Amino acid sequence: KLAQHDGVIVATGATFAPAPEDASIAVRRYRAEDILLDPHVRRGQRILLVDDDALPEVAGAAEVLGAQGAELHLVLSGSELGAALPVTNRHMMMARLYALPLRWHLHSVLRKVAEDGTATVEMRGEGTRALPDKFDAVVYGPARVANTDLTEALETAGTIPFTTAGDCVAP
């Protein structure tokens with residue numbers, strides 16, 4: 001039984017944002033989470049992976065899709081996946097990815113995938129260019145969105161004083 005306390009800590013967590021509804025992407029879109037939640041579903045033969053989250057979900061999706069035999073291209077705005085991970089974890093994850101037959105497009109942003117599967121990326125310092133292959137799907141590692149239902153309800157009720165603290169997603 002709790003007789004006295006200074007406060008209560010509640011971890012509300014976060015969920016993945018939906019895959020972007022971008023009209024310039026005319027092929028099927030998935031979230032990396034969708035791949036990980038149902039790894040037995042075949043998503044396509046030639047797939048673009050795009051990381052916007054800096055966490056390991058895109059890497060996990062790459063491993064699952066690679067095990068299915070899909071041809072994978074990875075579009076990264078930087079030079080590594082999992083930038084939010086501790087360095088030792090990130091290095092081990094990158095070593096596993098380097099062992100996969102991935103085609104890497106570093107310092108790049110996906111700009112368009114046409115209905116015929118032609119993909120266009122913008123590469124830092126090199127401008128816009130079409131990738132040499134055609135793709136059937138794009139898998140995104142979208143940023144996460146903080147779950148704020150509980151804190152909003154507490155704030156609306158006004159009966160319990162509380163303070164929010166930041167996490168990896170939002171304050």
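Y98 is exposed, at a relative accessible area of 53%. W104 is partly exposed, at 23% relative accessibility. Buried means under 20% relative accessible area, exposed over 50%, and partly exposed in between, with a 1.4 Å probe and protein chains only.

This is a predicted model, in which local features need pLDDT of at least 70, side-chain atom pairs count only at pLDDT 80 or more, and totals for chains, interfaces and linings use all residues. Residues are numbered from 1 along each chain as its sequence is written, and side-chain values use heavy atoms, with hydrogens and water left out.

**Rings**

The structure holds one aromatic pair. Y98 and W104 form this tilted pair, 5.2 Å centre to centre with 45 degrees between the planes. Rings of Phe, Tyr and Trp (its six-membered ring) pair if their centres lie within 6.5 Å; planes under 30 degrees apart are stacked, over 60 edge-to-face, and the rest tilted. Elsewhere, the charged end of R43 sits over the ring of Y30, 4.9 Å from its centre. That label requires NZ of Lys or CZ of Arg within 6 Å of the ring centre and within 35 degrees of the ring normal.

**Sheets**

Strands of a sheet pair through backbone hydrogen bonds, either parallel or antiparallel. Here, two strands pair if DSSP finds at least two bridges between them. Helices (H or I, at least four residues) and strands (E, at least two) are DSSP runs, numbered from the N terminus.

Five strands form an open, parallel sheet in the order 2-9-3-4-5. Strand 2 (28–31) and strand 5 (102–105) stand at the edges; each has a single partner strand, so one side of each lacks a neighbour in the sheet. Neighbouring strands are turned by 25 degrees against each other on average, direction ignored. Axes are lines fitted to C-alpha atoms, for helices over the stretch in contact, and angles run from 0 to 180 degrees between N-to-C directions.

Helix 2 (57–67) packs on this sheet, touching strands 3 (46–51), 4, 5 and 9 (137–141). Its direction makes about 170 degrees with that of strand 3. Contact means heavy atoms within 4.5 Å.

Three strands form an open antiparallel sheet in the order 6-7-8. Strand 6 (108–113) and strand 8 (127–134) are its edges, each with a single partner strand.

| Strands | Sense | Bridges | Partners |
|---|---|---|---|
| Strand 6 and strand 7 (118–123) | antiparallel | five bridges | L110 and V121 |
| Strand 4 (71–75) and strand 5 | parallel | four bridges | H73 and R103 |
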